[in-house]
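I opened the notebook to go through this protein one topic at a time. Here is what I looked up, in the order I did it.

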Amino acid sequence: MKTVGPATGSAAPVRLTSYARGGGCACKIPPGELEAMVAGLLSPPSAAQALGGDEDRLLVGIEDGDDAAVVRTGDGTAVVSTADFFTPVVDDARDWGRIAAANALSDVYAMGGRPLVGLNLLGWPRDVLPAELAGEVLAGALDVARAAGCLVGGGHSIDSPEPLYGMAVTGLVDPDRLLRNDAGRPGVPLTLTKPLGVGILNNRHKRTGEVFAHAVAVMAALNDKASADALEAGAVCATDVTGFGLLGHLHKLARASRVTAVVDAAAVPVLDGARESLRAGYVSGGTRRNLDWVRPHLDAGRAGEDQLQLLADAQTSGGLLVAGEIPGHPVIGELVPAVAGTTLVIR
């Protein structure tokens, strides 16, 4: 895409990823730092107590790092609410909007819900980048929201140093059929519904300008069918794999469920080109921080550093990680009884 450069007036390609230090979900605050930040919020008074002691209304809150909050409405349904935004993960503005919308909607699907309405969250360096590019971001997001049957009702924008985009999404979920982090049980297989490697390929794209259309397609794909299939299979435990990588999100799930997760590294699907790009050094700082965070809880077995970095790769709009077998998707491991001090085992 070419546009008129705002400073020079000359036609020049705009590389959105060059305007951000990080990219996609790799720009998340590291998981260890984030948990330290919110630790005080887990102390009384809780959100439920603030609502008058009606503890049953807040079905899912901050305690186990689930993908969204869930509040019972009192009429047999529950509201699921989430927000997600990040800096550019690709240079194409419309693709960035598509990916960011799919990523935000994924949090609702990861809870077993269906999205109803999304609100745009936009930060734009208006003196640096043309408004037309922001319009392309919003248009891409609208395309994906429409495909999901989700309305888009405005939102909020600010003038910011870096471009930022995402959505706040509200949906509905059956409170008796939730997918949550703390419901995993020993003996249940683990299924992953999208391949890993988008973080590595996005890092290569940011540094070289190479475009990986297959990675874009994976990130822009909705997790709606995977969520419906998980519910149909009777699953009660799931999360989506985003910025904390497969190992980070699986660690949180195993810790919340008081089990240990065993991963069959050879069974984990990987995008074409990701392994080669990893060996070439295209690894994000977010991926390295993910691996550092889980190491104290990890029995890596014979897995080498490259394999571990791939399993910790900071994904953007990744697949669902489901405790249960989902037809058409690979089983990558299982949950077993808790091993003291270890939430993750690689075999």
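**Ground rules.** I call a residue buried under 20% relative accessible area, exposed over 50% and partly exposed in between, with a 1.4 Å probe and protein chains only. I am working with a predicted model, in which local features need pLDDT of at least 70, side-chain atom pairs count only at pLDDT 80 or more, and totals for chains, interfaces and linings use all residues. Residues are numbered from 1 along each chain as its sequence is written, and side-chain values use heavy atoms, with hydrogens and water left out.

**Overview.** I noted eleven helices and 15 strands; helices (H or I, at least four residues) and strands (E, at least two) are DSSP runs, numbered from the N terminus. The protein has 347 residues, and 51% of them count as buried. Its accessible surface is about 14,700 Å², with 54% belonging to carbon and sulfur atoms; the areas come from the Shrake-Rupley method with a 1.4 Å probe, and for residues only the protein chains shown count as cover. I then looked at contacts, meaning heavy atoms within 4.5 Å. Of the contacts with a separation of 6 or more, 83% are between residues 24 or more positions apart.

**Salt bridges.** How many salt bridges does a search of the whole structure find? I got twelve, counting a side-chain nitrogen of Lys or Arg within 4 Å of a carboxyl oxygen of Asp or Glu.

I started with Arg 15 and Asp 91, whose side chains meet at 2.7 Å, N to O. Arg 15 sits in the loop between β2 (11-13) and α1 (31-38) and Asp 91 in the loop between β5 (78-86) and α3 (93-110), so this pair ties together parts 76 residues apart in sequence. Arg 15 is partly exposed at 27% relative accessible area, while Asp 91 counts as buried at 13%.

Next I checked two bridges within helices. In α3, Asp 95 and Arg 98 are three residues apart, about one turn of the helix, and their side chains form a salt bridge at 2.6 Å, N to O. Arg 98 is partly exposed, with a relative accessible area of 26%. In α7 (residues 224-232), Lys 225 and Asp 229 are four residues apart, again about one turn. Their closest N and O atoms are 2.8 Å apart, and Lys 225 counts as exposed at 56%.

I also found a network of salt bridges that links Arg 94, Glu 136 and Asp 143.

**Positive phi.** Arg 258 has phi near 60° and lies in the loop between α8 and β11 (259-263). Ser 317 has a phi of about 50° and lies in the loop between α11 (305-311) and β13 (320-323). Are these two buried or exposed? Arg 258 counts as exposed at 69% relative accessibility, whereas Ser 317 is buried at 1%.

**Helix packing.** Last, I looked at α8 (residues 245-257) against α10 (residues 285-294). Their axes are 8 Å apart and the packing angle is about 35°; axes are lines fitted to C-alpha atoms, for helices over the stretch in contact, and angles run from 0 to 180 degrees between N-to-C directions. On the α8 side I listed Gly 245, Leu 247, Gly 248, His 251, Lys 252 and Arg 255, which meet Asn 290, Leu 291, Trp 293 and Val 294 in α10.
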